[in-house]
Amino acid sequence: MGSKKNTVPFNGTPEQEKKLLEVIESLKGDKGCLMPILQQAQDIYGYLPVEVQTIIARETGIPLEKIYGVVTFYAQFSLMPKGKYKISVCLGTACYVKGSGDIYNKLMELLGIDGGECTPDGKFSLEACRCIGACGLAPVLTINEDVYGRLTVDELAGILEKYSD
C-alpha cells in the first residue's frame, strides 16, 4: 500500500518510565525475563514503540533486534498505540463472504489509516480479527465492547459518529 504511515508521536511520561525501570530491575536477573518485562511494559504504555524497546534493551543488555523480533512475533504485543475506541472487523469466512472486506476498506478510507494503525488524534484504531463467534450476524465489527452486525458500508459513518465525544 502506497499510503503514508500515520504516526502518533510517542509521549511517555517520566512516571511511566520510572515504573518500567522498576519492573526491569525486579525481573532482569531471571532467566526468560523478556516476556514478563514486555507484558508489563505494554500494560504501562498500552503498546511497545521503539522508544520503550530501546529502554528495555539498554537496561537488560538484550539486543534491540531480539526484543523487536519477540514483539513482532507475538500477536499480544502491539507496535502501534490503540485508540480510545478499538475497532475490530471480523474477516473470518462467514463475515468475509458477506462483505466484511468492503467494510474494512471503507473504514480505512473514513478514518484515513491502514489496518493496525491509530488515528493521529488517538481516538480510533483499526484492526482485523478472525471469527468472533457471531457468524449469524455477519458481517460483524466491534468497537471496544459494542458489537455491530449485519453491516453495510453505508452505515459506517453513522456508527463512527456515535463515538464523537
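1. Strand E1 (residues 85–90) pairs with E2 in the parallel sense over 6 bridges. Two strands count as paired if DSSP finds at least two bridges between them. Within E2, serine 125 is the bridge partner of lysine 86.

2. This is a predicted model, in which local features need pLDDT of at least 70 and side-chain atom pairs count only at pLDDT 80 or more, while totals for chains, interfaces and linings use all residues. Residues are numbered from 1 along each chain as its sequence is written, and side-chain values use heavy atoms, with hydrogens and water left out.

3. Strands (E, at least two residues) and helices (H or I, at least four) are DSSP runs, numbered from the N terminus.

4. The axes of helix H2 (residues 34–45) and helix H3 (residues 50–60) come within 11 Å and cross at roughly 140 degrees. Helix axes are lines fitted to C-alpha atoms over the stretch in contact, and angles run from 0 to 180 degrees between N-to-C directions. H2 and H3 are therefore oblique to each other, since angles under 35 degrees count as roughly parallel, over 145 as roughly antiparallel, 65 to 115 as roughly perpendicular and the rest as oblique.

5. Leu34, Ile37, Leu38, Ala41 and Tyr45 of H2 make the contact with Val52, Ile55, Ile56 and Thr60 of H3 (contact means heavy atoms within 4.5 Å).
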